[in-house]
Amino acid sequence: MEIFRTIEACRAARKQWGDETVALIPTMGALHHGHLSLIEMGKEKAQRIVVSIFVNPIQFRPNEDFTRYPRPVEDDLAMCRDLGIDGVFLPSVEEIYPDGRSDLTLVTPPDYLIRQLCGLSRPGHFEGVATVVLKLFNIIQPDIAIFGEKDAQQLAVIRQMVKDLNVPVSILSHPTVREESGLAVSSRNRYLKSREEWEAAKIVSSILLTVRQEANKSENVSPVAREALSSVAEKVLAQQNGLNELFQLEYLSAVDRTTFQPAETLHSNAKVLIAARVGDIRLIDNLDITDTPD
Ligand code: AMP
């Protein structure tokens with residue numbers, strides 16, 4: 001496995017691989033089962049696999065966790081080696097932003113995608129994500145890039161960028177990988193500090209599963225989204241025996257999963273998205289109303 005620290009090294013490898021298909025899996029490291037599933041998917045789809053590991057400063061707000069984001073680089077590299085991938089792109093911040101992080105050409109995703117959900121509490125976040133992903137595409141020149149459905153708004157932003165800017169990369173997605181408890185696997189879960197916080201974190205997926213159950217109960221008329229979502233959140237939180245003090249809901253919303261526009265009702269094409277804080281950690285998750293129940 002090669003470790004590319006420079007753009008030049010990536011380009012040289014890409015040239016060597018010629019017409020072979022290359023899949024890129026962009027990550028911020030602290031690799032877990034979710035990332036590994038994306039890599040396995042890549043191995044089925046392409047001849048060469050590159051994983052990028054880069055904690056992208058421009059997608060974090062000043063008060064967010066950029067500096068304390070986990071960076072277990074040696075463990076990550078060992079995992080990648082075990083998986084038999086071809087290369088890891090592990091650039092420094094200076095390699096990606098040689099002229100600094102301000103006064104930079106940025107990709108601005110359309111308002112309808114970013115002026116809602118995570119975009120409201122994280123202004124500038126999706127501009128940072130879209131910009132770094134486009135840079136990674138230009139550096140690595142993959143045929144395919146694989147993203148997780150856990151970050152549904154990010155996936156929608158990337159798909160739209162690729163379409164709007166005619167980027168010659170096929171975007172594939174992988175379903176959310178979960179712990180047995182239902183909690184979506186995430187690099188940030190390692191910062192859940194106590195058994196109570198782990199229990200409180202499970203409320204995120206419990207709310208989504210309950211929304212889906214409620215929506216599927218009424219076969220003919222889809223429930224009005226806003227009413228159904230707030231009543232489910234209240235009901236689930238009321239059952240938590242004190243755990244809900246550790247849990248702060250940021251949003252619980254529904255969008256049409258094709259257009260990503262807000263959904264008025266919980267119809268069969270709706271996706272329900274949630275963000276919440278447990279202790280110091282911000283968790284996000286989502287579920288399609290028609291996903292098959294476990
Ligand atoms: P991150 O390192 O958190 O930026 O994630 C890198 C990629 O892995 C993104 O495309 C994420 O959507 C994806 N990913 C993260 N967690 C999961 C998960 N639990 N299931 C599936 N994909 C995931």
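The dialogue below walks through several features of a predicted model.

Visitor: What does the radius of gyration say about the overall form of the chain?

Guide: A compact globule of 294 residues would have a radius of gyration near 19 Å, and the 20 Å of the chain agrees with that. Along the principal axes, the C-alpha trace spans about 55 × 40 × 40 Å, and 53% of the 294 residues count as buried. Among contacts with a separation of 6 or more, 73% are accounted for by residues 24 or more positions apart.

Visitor: How many positive and negative side chains are there, and how far apart do the centres of the two sets lie?

Guide: The chain has 32 positive and 41 negative side chains, with the centres of the two sets 1 Å apart. As for the accessible surface, about 14,400 Å² in total, 47% of that area belongs to carbon and sulfur atoms.

Visitor: How many disulfides does a search of the whole structure find?

Guide: A disulfide is a covalent bond between the sulfur atoms of two cysteines. In this structure the search finds 0 disulfides. The cysteine sulfur closest to that of cysteine 10 belongs to cysteine 80, and because the two are 13 Å apart, they are too far for a bond. Cysteine 80, for its part, is in no disulfide, the sulfur of cysteine 10 being the nearest to its own.

Visitor: Are these two cysteines buried or exposed?

Guide: Cysteine 10 counts as buried at 4% relative accessibility, and cysteine 80 likewise counts as buried, at 0%.

Visitor: Which value of phi does alanine 30 have, and where is the residue found?

Guide: Most residues other than glycine have a negative phi. Alanine 30, however, has a positive phi, near 50°, and is found in the loop between strand E2 (22-27) and helix H2 (33-45). Its relative accessible area is 1%, so alanine 30 is buried. Leucine 117 also has a positive phi near 50°; this residue lies in the loop between helix H5 (111-114) and helix H6 (118-121), and at 6% relative accessibility leucine 117 counts as buried.

Visitor: Is asparagine 241 buried or exposed?

Guide: With a relative accessible area of 77%, asparagine 241 is exposed. The residue is found in the loop between helix H10 (225-238) and strand E7 (247-256), and its C-alpha atom is separated by 43 Å from that of aspartate 82, which is 159 residues away along the chain.

Terms used. Residues numbered from 1 in each chain as written. Predicted model: local features only at pLDDT ≥ 70, side-chain atom pairs only at ≥ 80, totals over all residues. Heavy atoms only, no water. Rg over C-alpha atoms; globule rule 2.2 N^0.38 Å. Buried < 20%, exposed > 50% of the residue type's maximum accessible area, 1.4 Å probe, protein only. Contact = heavy atoms within 4.5 Å. Areas by Shrake-Rupley, 256 points an atom, 1.4 Å probe, with all protein chains shown as cover. Lys, Arg positive; Asp, Glu negative; His and termini not counted. Charge placed at Lys NZ, Arg CZ, Asp CG, Glu CD. Helix = DSSP H or I, 4+ residues; strand = E, 2+ residues; numbered from the N terminus. Disulfide = S-S within 2.5 Å.
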